[in-house]
Structures are given as C-alpha cells and as structure tokens.
Amino acid sequence: MNIKIVCVGKLKEKYFKDAIAEYQKRLSRFAKVRLIEVPDEKAPEKFSAAEQENVKKIEGQRILSKIKDKEYVFVTAINGKQRTSEEFAHEIKDLTTYGHSDLTFIIGGSLGTSSEVDKRADDLMSFGKMTLPHQLMRVVLIEQIYRGFMINSGSPYHK
C-alpha cells in the first residue's frame, strides 16, 4: 500500500517533524508513506475574496500536480464527513480490499482548498468544526492513519 500526504506549506517546527517521522516509522510495516509539501502562495493580511480565490487556485494547481489518476483522494475540509476512528479504519480496509492501494490525503493552505481540488476528491473528511493549525493537522492525520491500521490489525493501541 502507498499513502501520500500532500500539504501546502513547509513544516518548520522540529517537534512536529519528529512526531511525523515517528508515525511514518510505525506505519512502515503497513505502507509506504510519503509526505509532499507544495509551496504556499504568499498573500497580504487583508485581501479581497477574488484574491483569496486566486491564492487557493494557485495552491490547488500545485496540489493537483502531485496526484495521479489511480489514487483515491481524501481532502481535509471543515465541511467534510466526520467519522470515528473505527469508521475510518473500516474505510481503509474496504478501500484496500477493493483494489485501492494508493491513498492520497490533502491538507490545504490556510484558506482551504480550491474547488478544483475538492472536485478531484473521492472523499471530503473533517476532523471536527474547530480550526487546527495546518502543521498540527499533519500530525493528527498521520496518527489517525496509523490508528486505523492498528485497529485493522487487532492491536490494543486503540483503546
């Protein structure tokens, strides 16, 4: 299985990098995991709705350039479907059972994802209505992917 996490922006904090590296190491027995960062588009503090859409469109093109046709794509979105860890684990199991060996997860920039990215998604997933820093979201996502594999393997990791 191949798992790809495409994120907007560069992760700078060592503690987030260390956490992600730990979960990548743990996941290596189940899947090959790659983290791909695409540049974020610089924007002023105050800008119009049209300028915001333009930023999302540029970032969206960068994201879409990293996705292949055969990949099953989850996009993190506040308006996406919320699920329990068990439901997510079951989805991963079903996807792999039915021939989806390439899963891609998208974390957009601070403005979210473009409509083009959302259209490409096979699933919009939400981790709740609270806004999380995009750097922290990477850690939360990779931990939940790991948790899903541990649930599916019958491990006591998930209590």
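Modeller: Contact means heavy atoms within 4.5 Å. This is a predicted model, in which local features need pLDDT of at least 70, side-chain atom pairs count only at pLDDT 80 or more, and totals for chains, interfaces and linings use all residues. Residues are numbered from 1 along each chain as its sequence is written, and side-chain values use heavy atoms, with hydrogens and water left out.

Colleague: Which residues does Phe-149 touch, not counting residues up to four places away in sequence?

Modeller: The place of Phe-149 is in helix H5; helices (H or I, at least four residues) and strands (E, at least two) are DSSP runs, numbered from the N terminus. With residues up to four places away in sequence left out, Phe-149 touches Met-1, Ile-3, Leu-27, Phe-30, Ala-31 and Ile-92.

Colleague: Is Phe-149 buried or exposed?

Modeller: Buried means under 20% relative accessible area, exposed over 50%, and partly exposed in between (1.4 Å probe, protein chains only). The relative accessible area of Phe-149 is 9%, so the residue counts as buried.

Colleague: What is the relative accessibility of Lys-46?

Modeller: Lys-46 lies in the loop between E2 and H2. From Leu-141 it is 95 residues apart in sequence and 30 Å apart in space, C-alpha to C-alpha. Lys-46 counts as exposed because its relative accessibility is 78%.

Colleague: Which strands stand at the edges of the sheet?

Modeller: Two strands pair if DSSP finds at least two bridges between them. The sheet is open and has five strands in the order E2-E1-E4-E3-E5, with parallel pairing. Two strands have a single partner strand each, so one side of each is left without a neighbour in the sheet: these are E2 (32-38) and E5 (123-126).

Colleague: What is the average twist from one strand to the next?

Modeller: Strands of a sheet pair through backbone hydrogen bonds, either parallel or antiparallel. In this open sheet the pairing is parallel. From one strand to the next, the twist averages 30°.

Colleague: Which residue of E4 stands opposite Val-73?

Modeller: Strand E3 (residues 72-82) and strand E4 (residues 102-107) run parallel and are joined by four bridges. On the E1 side, E1 and E4 pair in the parallel sense over six bridges, and Lys-4 stands opposite Thr-104. The residue of E4 opposite Val-73 is also Thr-104.

Colleague: How many of the residues of E4 are buried?

Modeller: Asp-102, Thr-104 and Ile-106 point one way from E4, Leu-103, Phe-105 and Ile-107 point the other way, and all are buried. E4 is largely enclosed by the rest of the structure, because the buried residues are six of the six.

Colleague: How far apart are the axes of H1 and H5, and what angle do they make?

Modeller: Two packed helices are described by the angle between their axes and the distance between the axes. Axes are lines fitted to C-alpha atoms, for helices over the stretch in contact, and angles run from 0 to 180 degrees between N-to-C directions. H1 (residues 14-27) and H5 (residues 134-152) pack with their axes 9 Å apart, at an angle of about 20°.

Colleague: How many residues of the contact of H1 with H5 are nonpolar, polar and charged?

Modeller: Residues meeting across the two helices include Phe-16 and Ile-20 in H1 and Val-139 and Phe-149 in H5. Ala, Val, Leu, Ile, Met, Phe, Trp, Tyr, Cys and Pro count as nonpolar, Asp, Glu, Lys and Arg as charged, and the others, Gly among them, as polar. The contact divides into 11 nonpolar, two polar and three charged.

Colleague: Is H3 roughly parallel or roughly perpendicular to H5?

Modeller: Angles under 35 degrees count as roughly parallel, over 145 as roughly antiparallel, 65 to 115 as roughly perpendicular and the rest as oblique. H3 and H5 pack with their axes 8 Å apart, at an angle of about 75°. That angle makes the arrangement of H3 to H5 roughly perpendicular.
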